[in-house]
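Visitor: I would like to learn how to read a fold, one feature at a time. Where do we begin?

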Amino acid sequence: MGPIWPSYFIDCTSVIFMVDSANITQVSSSCIQLLSVLAAEPLQTASVLVLFNKRDLPCTMSLGEMKSLFRMDDIIASAPQSITTLELSARSGEGLQEVLTWLDSTQPD
């Protein structure tokens, strides 16, 4: 789906980028996709939420481990966008309130 994403970037003010934190083999490609999203010209002023999903599974890495693998501190420091990272379990809903709070805070007044 990544190749068609740019057709949806026009007039986008917020981006939610979800990562499967239980699938270590996809970390590199997920990071590359995130960097391409952050580099897209129409998204230079968008607020970005990076969600590390599947926190309910026993094989999931911690948020700290995922942020380290993604080098999130370096990405946040160099990206023009405001970037927030959160953990989530889409299955159980754990972390969903934080996502909704983030969405509410990014909406224009």
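**Reading strand β2 and its surroundings**

Guide: Asp20 has Asn53 in β2 as its bridge partner. Keep in mind that this is a predicted model.

Visitor: How many bridges join β1 to β2, and do they run parallel or antiparallel?

Guide: There are 7 bridges between β1 and β2, and the two strands run parallel. Together with α1, they make a right-handed β-α-β unit.

Visitor: What pairs with β2 besides that strand?

Guide: Strand β3, residues 82-88, does. The pairing of β2 and β3 is parallel and spans 7 bridges.

Visitor: How should I read the two faces of a strand?

Guide: In a regular strand, side chains alternate between the two faces of the sheet. Now take β2. On one side are Ser47, Leu49, Leu51 and Asn53; on the other are Val48, Val50 and Phe52. Both sets are buried. The count for β2 is 7 of 7 residues buried.

Visitor: Why does Asn53 count as buried?

Guide: Asn53 counts as buried because its relative accessibility is 9%, and the cut-off for buried is under 20%. Asn53 belongs to strand β2, residues 47-53. Beyond its neighbours within four places in sequence, its contacts include Met18, Val19, Asp20, Thr60 and Leu88.

Visitor: Which residues does the UniProt "binding site" annotation cover?

Guide: The UniProt annotation, from an unreviewed entry, covers Asn53, Lys54, Arg55 and Asp56. Compare Arg55 with Asn53. Arg55 is in the loop between β2 and α2, residues 63-70 being α2.

Visitor: What is Arg55 in contact with, leaving aside neighbours within four places in sequence?

Guide: The partners of Arg55 are Thr60, Glu87, Leu88, Ser89, Glu94 and Gly95. Thr60, Leu88 and Ser89 are also among the contacts of Asn53.

Visitor: And how do I read a nonpolar core?

Guide: In soluble globular proteins, nonpolar side chains tend to be buried together. Here the largest nonpolar core has 22 residues. Those touching the most other members are Leu34, Val50, Phe70, Met72 and Ile83. At least two residues of this core come from each of β1, α1, β2, α2 and α3. With 5 residues, α1 gives the most.

Visitor: What does Met72 touch, not counting residues up to four places away in sequence?

Guide: Met72 touches Leu34, Val50, Phe52, Lys67, Ile83 and Thr85. A second, separate core has 6 residues, including Leu86, Leu88, Val99 and Trp102.

Visitor: Last feature: how is an aromatic pair described?

Guide: By the distance of the ring centres and the angle of the planes. This structure holds 1 aromatic pair. Phe52 and Phe70 form it, edge-to-face, at 5.4 Å centre to centre with 80° between the planes.

Visitor: Where in the chain do Phe52 and Phe70 sit?

Guide: Phe52 is in strand β2 and Phe70 in helix α2. They are 18 residues apart, and the pair links distant parts of the chain. Both Phe52 and Phe70 are buried.

Definitions and conventions. Residues are numbered from 1 along each chain as its sequence is written. This is a predicted model: local features need pLDDT of at least 70, side-chain atom pairs count only at pLDDT 80 or more; totals for chains, interfaces and linings use all residues. Side-chain values use heavy atoms; hydrogens and water are left out. UniProt positions are given in the numbering used here, feature names are shortened, and annotations may be inferred rather than shown by experiment. Helices (H or I, at least four residues) and strands (E, at least two) are DSSP runs, numbered from the N terminus. Buried means under 20% relative accessible area, exposed over 50%, partly exposed in between (1.4 Å probe, protein chains only). Contact means heavy atoms within 4.5 Å. A nonpolar core is a set of buried Ala, Val, Leu, Ile, Met, Phe, Trp, Tyr and Cys residues joined through side-chain atoms within 4.5 Å. Two strands pair if DSSP finds at least two bridges between them. A crossover is right-handed if, with the strands pointing away from the viewer, the path from the first strand over the helix to the second runs clockwise. Rings of Phe, Tyr and Trp (its six-membered ring) pair if their centres lie within 6.5 Å; planes under 30 degrees apart count as stacked, over 60 as edge-to-face and the rest as tilted.
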